[in-house]
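Good morning. Please have a look at it first.

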Amino acid sequence: DYRNALAWIYEVTGAPASSLADADGHVLFGNALQDGVLLCKLVNAIKPGTVPNAKPSQLAFKQLSNITNFNRGCQSLGLQKRECFDAQDLQQQVDLRPVLHTLHALSRVAKTTGGFKGPFLKPAASS
């Protein structure tokens, strides 16, 4: 569920979640993650220094760079490349389901990352 994944990201990163209940979970999820900044903060909250600090930008190439850094950070923590979504899918908000799958995989590997005590994303309900 998009809303639960976003709530988890806000909880782990300490980012303000004031608009979480104000919009459709799917739209809010894509908009909140589109520039990759929150994703990079998430990886660094799980293991500090994993990826360079991302800076917000409206420029597509900078957003893609942030998202790519997130995916590389996930792989350095133990995700397989196939578990990482395509950066353009998020940046262009084409298909957000793979982003959700990546976040669940990241939470799973975070349990084995020394120093990170949670919280963890609850497993997705089977469909």
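Predicted model: local features only at pLDDT ≥ 70, side-chain atom pairs only at ≥ 80, totals over all residues.

Helices α4 and α6 cross in a left-handed way. Their axes are 10 Å apart and meet at an angle of about 35°. On the α4 side the contact is made by F70, N71, C74 and L77, and on the α6 side by T102, L103, L106 and V109.

How do α1 and α3 pack, and at what angle? The angle is about 55°, with the axes 9 Å apart. The two helices are therefore oblique to each other. This crossing, too, is left-handed. From α1, the residues involved are L6, W8, I9, Y10, V12 and T13. They meet L38, L39, K41, L42, A45 and I46 of α3.

Let me stay with α3 for a moment. Is α3 mostly covered or mostly open? It is mostly covered, with eight of its ten residues buried. The buried ones are V37, L38, L39, C40, L42, V43, N44 and I46.

Now the whole chain. It has 127 residues, and 46% of them count as buried. The accessible surface comes to about 7000 Å², and carbon and sulfur atoms hold 50% of that. If we take the contacts with a separation of 6 or more, 57% of them join residues 24 or more positions apart.

On to the core. The largest nonpolar core has 40 residues. Which residues have the most contacts inside it? They are F29, L33, F70, L103 and L106. Two or more residues come from each of these elements: α1 (2-13), α2 (25-33), α3 (37-46), α4 (60-77), α5 (87-91) and α6 (97-110).

If you leave out its neighbours within four places in sequence, L103 is in contact with A5, W8, I9, F29, L33, L39, L42, F70 and L121.

Some individual residues next. S107 is in helix α6. Its relative accessible area is 1%, so S107 is buried. Beyond four places in sequence, S107 is in contact with W8, F120 and L121. How far is S107 from P119, C-alpha to C-alpha? The separation is 8.7 Å, for two residues that are twelve apart along the chain.

P119 has a point of its own. This residue lies in the segment after α6. The peptide bond from G118 to P119 is cis, with omega near 10°. There is also a residue to check for phi. Q93 sits in the loop between α5 and α6. Its phi is near 55°, which is positive, and Q93 is not a glycine. As background, most residues other than glycine have a negative phi, and most peptide bonds are trans. Q93 has a relative accessible area of 25%, so it is partly exposed.

Q63 is in helix α4. Is Q63 buried or exposed? Q63 counts as buried, because its relative accessibility is 6% and the cut-off for buried is under 20%. Not counting residues up to four places away in sequence, Q63 touches Q34, D35, S57, Q58 and Q91.

The other one is E83, in the loop between α4 and α5. Its relative accessible area is 17%, so E83 is buried by that cut-off as well. Which residues does E83 touch, leaving out those up to four places away in sequence? They are G78, T102, A105 and R108. Between E83 and A105 there are 7.0 Å, C-alpha to C-alpha, although the two are 22 residues apart in sequence.

That is the end of my list. Thank you.

Methods: Residues numbered from 1 in each chain as written. Heavy atoms only, no water. Buried < 20%, exposed > 50% of the residue type's maximum accessible area, 1.4 Å probe, protein only. Contact = heavy atoms within 4.5 Å. Areas by Shrake-Rupley, 256 points an atom, 1.4 Å probe, with all protein chains shown as cover. Core = buried A, V, L, I, M, F, W, Y, C linked by side-chain atoms within 4.5 Å. Helix = DSSP H or I, 4+ residues; strand = E, 2+ residues; numbered from the N terminus. Axes fitted to C-alpha atoms, helices over the stretch in contact; angles between N-to-C directions. Parallel < 35°, antiparallel > 145°, perpendicular 65-115°, else oblique. Left-handed = near helix turned anticlockwise from the far one by under 90°.
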